[in-house]
Amino acid sequence: MTQSPPEIPKDWFKNWFNDQYLKVYSHRNQTEAKQFLTKLPIWDDIDRGAFCLDLGCGSGRYAVEIAQHGLNVIALDLSVPLLLTAVKENSIPKQILYVRGDMRQIPAKPVFSLIVSLFTSFGYFSDDEHQQMLRNTKELLKSNGLFILDIPNPKAVRKNVLNNRFSIRIEDDLQIREERYLSDDGLRVIKYIKLDCKGESKEYYESVRLYDAEELNLMFDNCGLISKYPTQGDYNGEPFNKESPRMIYFTGVK
Ligand SMILES: C[S@@+](CC[C@H](N)C(=O)[O-])C[C@H]1O[C@@H](n2cnc3c(N)ncnc32)[C@H](O)[C@@H]1O
């Protein structure tokens with residue numbers, strides 16, 4: 001195992017989010033999505049029948065729960081395999097529309113009461129692209145709309161990279177080797193994933209920008225987004241503290 005981060009293919013996110021991703025992250029399941037959404041303090045403030053945009057919806061585990069709360073959901077993702085799973089397993093025909101598209105290129109019309117970016121669906125691109133995405137998200141929100149952004153807490157990630165650099169586990173017929181690194185500038189977490197299944201090996205990568213609270217608040221401020229509810233630190237509704245695993249922001253138009 002090398003100590004320096006491997007070379008990351010620029011468009012790693014176009015290949016990785018496939019059926020094997022769902023196995024590697026099988027603990028990120030429907031039960032977790034339901035628990036998280038049920039405890040959110042937001043539902044009384046959003047009209048039933050309002051429109052929600054799920055940015056990076058994956059297999060639709062959140063879209064289907066948001067629809068159960070009475071919203072209409074446009075669920076967008078780039079991955080064809082994950083969208084196929086979503087349509088097969090998490091369909092509510094009159095309420096959820098699954099759409100293939102790039103979250104960096106959405107025509108901005110202020111029609112959404114809720115926009116969500118959940119379980120680290122933000123941070124794959126450049127700083128400029130991330131700022132532009134936040135600007136665009138603000139333009140997509142109605143004046144009283146809410147944007148939920150759920151990203152990892154950099155402090156928890158850095159600790160995990162240090163204490164858990166290498167791991168190996170079995171999930172069904174899949175052997176999963178994971179190596180975790182920080183980029184040379186310390187601003188991104190990089191994961192190398194090697195999967196072995198029935199004699200066939202595949203390699204994948206993740207590279208996610210780690211934003212701390214200060215940087216992110218500046219980015220929100222730059223595009224006219226302000227906090228609407230206290231930041232949460234996990235999927236159980238606990239308030240954020242320095243050791244929290246997640247940073248879950250609830251912002252809206254200033
Ligand atoms: C970590 S997964 C989270 C999926 C889902 N939110 C969940 O919690 O299960 C990130 C998702 O973002 C999608 N994604 C990555 N790049 C994208 C892009 N440029 N445009 C749209 N979706 C993208 C991936 O295909 C993947 O489904």
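How many residues of domain 1 are in contact with how many residues of domain 2? In this predicted model, 15 residues of domain 1 are in contact with 14 residues of domain 2, where a contact requires that the C-beta atoms of two residues, placed from the backbone, lie within 7 Å. The model is a predicted one, in which local features need pLDDT of at least 70 and side-chain atom pairs count only at pLDDT 80 or more, whereas totals for chains, interfaces and linings use all residues. Residues are numbered from 1 along each chain as its sequence is written.

The chain is divided into domain 1, which covers 13-153 + 212-253, and domain 2, which covers 155-208, the bounds being taken from an automatic or database domain assignment. The C-alpha centres of domain 1 and domain 2 lie 24 Å apart. On the side of domain 1 that touches domain 2, the elements that give two or more residues are helix 1 (12-16) and helix 2 (19-24), where helices (H or I, at least four residues) and strands (E, at least two) are DSSP runs numbered from the N terminus. Helix 2 gives the most to this side of domain 1, with 3 residues. By class, the side of domain 1 that touches domain 2 has 5 nonpolar, 7 polar and 3 charged residues, with Ala, Val, Leu, Ile, Met, Phe, Trp, Tyr, Cys and Pro counted as nonpolar, Asp, Glu, Lys and Arg as charged, and the others, Gly among them, as polar.

An open sheet of 7 strands has the order 3-2-1-4-5-11-10 with mixed pairing, two strands being paired if DSSP finds at least two bridges between them. Its edge strands are strand 3 (96-100) and strand 10 (225-232), each of which pairs on one side only. Neighbouring strands of this sheet are turned by 20° against each other on average, direction ignored. Strand 2 (residues 72-77) pairs with strand 3 in the parallel sense over 5 bridges, and Leu 76 stands opposite Val 99 in strand 3. Helix 6 (residues 127-140) packs on the sheet, where it touches strand 1 (51-55), strand 4 (112-117), strand 5 (141-152), strand 10 and strand 11 (246-253), and its direction makes about 145° with that of strand 5; axes are lines fitted to C-alpha atoms, for helices over the stretch in contact, and angles run from 0 to 180 degrees between N-to-C directions.

A second open sheet, of 4 strands, has the order 6-7-8-9 and antiparallel pairing. Strand 6 (166-171) and strand 9 (200-209) stand at the edges with a single partner strand each, so one side of each is left without a neighbour in the sheet. The twist from one strand to the next averages 20°. Strand 6 is joined to strand 7 (residues 174-182) by 6 bridges in an antiparallel arrangement, in which Gln 175 of strand 7 is the bridge partner of Ile 170. Strand 8 and strand 9 pair in the antiparallel sense over 10 bridges, and the bridge partner of Lys 194 in strand 9 is Glu 203. The hairpin of strand 8 and strand 9 has 2 residues between the strands, and Lys 198 takes a positive phi near 50° in this hairpin. Helix 7 (residues 154-163) lies across strand 7 and strand 8 (188-197), running at about 115° to strand 7.

Helix 3 (residues 30-38) and helix 4 (residues 61-68) pack at an angle of about 40°, with their axes 9 Å apart. Gln 30, Ala 33, Lys 34 and Leu 37 in helix 3 meet Arg 61, Tyr 62, Glu 65 and Ile 66 in helix 4. By class, this contact of helix 3 with helix 4 has 4 nonpolar, 1 polar and 3 charged residues.
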